[in-house]
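Colleague: I am new to this structure. Please take me through one part of it, slowly enough that I can follow along.

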Amino acid sequence: MSESTNNSTSPETSVAPAASAPSWKLPEGIEDHIEAGLFKTTVGAAAGGVVGMIMFRSGKGMRAASVAAGVGVAAGSTYERLMAQYGPK
């Protein structure tokens, strides 16, 4: 057999084009805000946990409330940072 008759076993190399491109795109520089938000959330949860352990030794949900407060502060700070750059001018 020659190579021209053996082409039926070769893999297909062409790729079909995408049906359509996405119509939306993330704003430029949003990665910095996401990273800052994750960092603030981690620090807020850790600080809230430490405060909860020191101030509320009996527990009863107050430790979890302290952690939640730290996470809430971090989320609010990240939201304000995003609105300062991307919000209405």
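Modeller: Thr 78 is buried, with a relative accessible area of 13%. Buried means under 20% relative accessible area, with a 1.4 Å probe and protein chains only. This is a predicted model: local features need pLDDT of at least 70, side-chain atom pairs count only at pLDDT 80 or more, and totals for chains, interfaces and linings use all residues. Residues are numbered from 1 along each chain as its sequence is written, and side-chain values use heavy atoms, leaving out hydrogens and water.

Thr 78 lies in helix H2. Helices here are DSSP runs (H or I, at least four residues), numbered from the N terminus. Setting aside neighbours within four places in sequence, Thr 78 is in contact with His 33, Gly 37 and Lys 40. Contact means heavy atoms within 4.5 Å.

Now the partner helix. The buried residues of H1 include His 33 and Gly 37, along with Gly 44, Gly 48, Gly 49 and Gly 52 among others. These buried residues pack against H2.

How do the two helices meet? The axes of H1 (residues 30-55) and H2 (residues 62-86) come within 7 Å and cross at roughly 155 degrees. Axes are lines fitted to C-alpha atoms over the stretch in contact, and angles run from 0 to 180 degrees between N-to-C directions. That makes H1 roughly antiparallel to H2, a term for angles over 145 degrees. By class, the contact of H1 with H2 has nine nonpolar, twelve polar and four charged residues. Gly counts as polar here.

Notes. Angles under 35 degrees count as roughly parallel, over 145 as roughly antiparallel, 65 to 115 as roughly perpendicular and the rest as oblique. Buried means under 20% relative accessible area, exposed over 50%, partly exposed in between (1.4 Å probe, protein chains only).
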